[in-house]
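Before reading on, take a moment to look at the chain as a whole and then at its parts. Which features would you check if you wanted to describe it with care?

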Amino acid sequence: MKKTKQIDTYYCDYCGKECEQTPEYFMPEIRKVQYTSRCSKNIIRPSQKDICPVCQKQIAKLINLLHYAGFVGDDMEKVVYVLLKKSKA
Ligand SMILES: [Zn+2]
């Protein structure tokens, strides 16, 4: 009797490398909702991500940096501006 075994392969949603499935990770994601042909709005929704150990570490470091530098709650444009200014100094 022939038996077929299905093996699912998962890839990191950030770097694309093969990784374990990580169903416990949900990240906030911007989605554009089109209400009418002329009216759309960006909304934030949780999105399940498969994330490899390397990217898990990088994301955790980035979140720590935002907390450490007091950027939480600021607009990303301001964060990028401040970081660019500091890197030029
Ligand atoms: Zn990755």
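The questions and answers below go from the whole chain to its elements and then to two residues.

Q: How confident is the predictor in the protein chain, and in which element is confidence lowest?
A: This is a predicted model, and the mean pLDDT of the protein chain is 90, with 100% of its residues at 70 or more. Confidence is highest in strand S1 (residues 10-11), at 98. The lowest mean, 82, belongs to helix H2 (residues 76-88).

Q: In what order do the elements of the protein chain run from the N terminus on?
A: The protein chain has two helices and four strands. Read from the N terminus on, these elements follow the order β-β-β-β-α-α.

Q: How many bridges join strand S3 to S4?
A: A hairpin of five residues connects S3 to S4, and Gln 34 stands opposite Ser 40 in S4. The two strands run antiparallel, and the number of bridges that join strand S3 (residues 26-34) to S4 is nine.

Q: Why can strand S4 be said to lie largely in the open?
A: A residue counts as buried if 20 or more other C-beta atoms lie within 10 Å of its own. Strand S4 takes in residues 40-48, and it lies largely in the open because, of its nine residues, the number buried is zero.

Q: What span should helix H1 have at 1.5 Å a residue?
A: Helix H1 covers residues 53-68, which makes 16 residues, and H1 is hardly covered, with a count of buried residues of zero. Just after H1, Gly 70 takes a positive phi of about 75 degrees.

Q: How many of the 13 residues of H2 are buried?
A: At 1.5 Å a residue, the 13 residues of H2 should span 18 Å, and this agrees with its end C-alpha atoms, which are 18 Å apart. Helix H2 lies largely in the open, because the number of buried residues among its 13 is zero.

Q: Does Pro 28 count as buried or exposed, and what is its count of C-beta neighbours inside 10 Å?
A: Pro 28 lies in strand S3, and, leaving aside its neighbours within four places in sequence, Pro 28 is in contact with Ile 44 and Pro 46. Pro 28 and Arg 45 are 17 residues apart in sequence, yet 5.5 Å apart in space, C-alpha to C-alpha. A residue with 12 or fewer such neighbours is exposed, so Pro 28 counts as exposed, with a count of 8.

Q: Which residues is Met 27 in contact with, leaving aside its neighbours within four places in sequence?
A: Met 27 also lies in strand S3, where its 13 C-beta neighbours inside 10 Å make it count as partly exposed. Although Met 27 and Ser 47 are 20 residues apart in sequence, they are 5.3 Å apart in space, C-alpha to C-alpha. Leaving aside those neighbours in sequence, Met 27 is in contact with Ser 47 and Lys 49.

Key:
Residues are numbered from 1 along each chain as its sequence is written. This is a predicted model: local features need pLDDT of at least 70, side-chain atom pairs count only at pLDDT 80 or more; totals for chains, interfaces and linings use all residues. Two strands pair if DSSP finds at least two bridges between them. The expected span of a helix is 1.5 Å times one less than its number of residues. pLDDT is the predictor's confidence in each residue, from 0 to 100. Two residues are in contact if their C-beta atoms, placed from the backbone, lie within 7 Å.
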